[in-house]
Amino acid sequence: MQTSLFNHQSSQRPFLPQDTHPIETGKYNIPTNEINKLYEKVKNSIQNRLPGTVVHGRPRLGKTRAISYLVNTLPADFGNMPIYTLLCREHSKPNEDVFFTEILKDVGHGLFASGKATAKRDRLMKFLLERADAAGQSRTVFFIDDAQRLHELQYNWLMDICNELDRHGVNLTVFLVGQNELLNQRSVFFEEEKYQIIGRFMVEPYKFYGVRTLEDLYECLLCYDEDSIFPADSGWSFTRYYFPKPFEQDFRLHKYAAELHDVFITLRQEAGIGKPFEIPMQYLTRTVEYVLRRYGCEGEDVNDITRNQWKTAIKGSGYIEAEIYRAPE
């Protein structure tokens, strides 16, 4: 984030090029209660050198954004320990050459497409060992996103990577992050007695949730008011940037937490939704972003958000339709 053009804690609203604020680009993370819980889980797994953990939850809860947040914040506890985010692509049949090509690409190796599978595998191992050595670390972390797409054969290749690193004194901790189908895979591996895969990667499943309580919602809105600052060190939180004058009069989004929570519940009741209450982060952020853009100083420039305006924002997020067609867990 750019800081040099602005005075720190300036009373002057920052002038930003159009569509560059994180609310417009969507490139920001809110450290929800659930993400903070996940952070402690991940931290504990790394500290105890656990080989692998399953992090599962339904779609659009914010798991990918949670990974991004963890990758950016874990260095506070683990220094420059190598951390890689791998995206698991959909393949009808696993292919060793494609498997190592994609990992090389995701870890940032420039020669990800050159050579045969064995050469790529050797290149990956050399790269991981060199990075761990350069960082002075005996630990490396993989976050594998959309891990429900992994095939059994790919788990075996992943195990080979773990074993090879371990042979050189480097511990690899793998976090399989994906949808609830990961638990189905785990059950199948149990039935087929694939205990080596479960023991290596799936010992302690961890369920990731969205916003479920008023307290969760309050904390999320508070982040927009206080913790999400842009440009960095400018003192301009997202709420302040979009509602500069009301902000001076103590306008804060978190003060609407109870009302917003009630509006979500009311809309669910009106739609006949009886499933457990939960708001995936994607729909909550869309709701808040709509309010900031539509009713802030760049929109209707109001001083207060009404119940009907919150309703409009929630409906526009797509939350109600998504809950109606939400698959049973």
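**A colleague's note on the predicted model**

1. Helices α10 and α14 pack at an angle of about 45°, their axes lying 12 Å apart. That makes α10 oblique to α14, the class left over once angles under 35 degrees (roughly parallel), over 145 (roughly antiparallel) and 65 to 115 (roughly perpendicular) are set aside. Axes here are lines fitted to C-alpha atoms over the stretch in contact, with angles from 0 to 180 degrees between N-to-C directions. The crossing of α10 past α14 is right-handed, that is, the near helix is turned clockwise from the far one by less than a right angle. Leu217, Cys220, Leu221 and Tyr224 of α10 meet Met281, Leu284, Thr285, Val288 and Leu292 of α14, where contact means heavy atoms within 4.5 Å.

2. A word on the basis: this is a predicted model, in which local features need pLDDT of at least 70 and side-chain atom pairs pLDDT 80 or more, while totals for chains, interfaces and linings use all residues. Residues are numbered from 1 along each chain as its sequence is written, and side-chain values use heavy atoms, leaving out hydrogens and water.

3. The open sheet has five strands in the order β2-β3-β4-β1-β5, with parallel pairing. β2 (83-87) and β5 (206-207) stand at the edges with a single partner strand each, so one side of each has no neighbour in the sheet. Pairing requires at least two DSSP bridges between the strands; helices (H or I, at least four residues) and strands (E, at least two) are DSSP runs numbered from the N terminus. β1 (residues 52-56) and β4 (residues 171-178) are joined by five bridges, and Val54 has Leu176 as its bridge partner in β4.

4. Do look at α2: its 15 residues reach 21 Å from first C-alpha to last, close to the 21 Å expected at 1.5 Å a residue, taken as 1.5 Å times one less than the number of residues. Its buried residues (under 20% relative accessible area) include Ile35, Leu38, Val42 and Ile46, along with Glu34 and Lys41.

5. Some backbone values are worth a check, as most residues other than glycine have a negative phi, and most peptide bonds are trans. Arg49, in the loop between α2 (33-47) and β1, has a positive phi near 55°. Asp301, in the loop between α14 (281-295) and α15 (307-317), has a positive phi of about 55°. Arg49 is partly exposed at 37% relative accessible area, and Asp301 is partly exposed at 45%; this class lies between buried and exposed, the latter being over 50% (1.4 Å probe, protein chains only).

6. Finally, Phe230 and Pro231 are joined by a cis peptide bond, with omega about -10°. Pro231 sits in the loop between α10 (214-227) and α11 (238-242).
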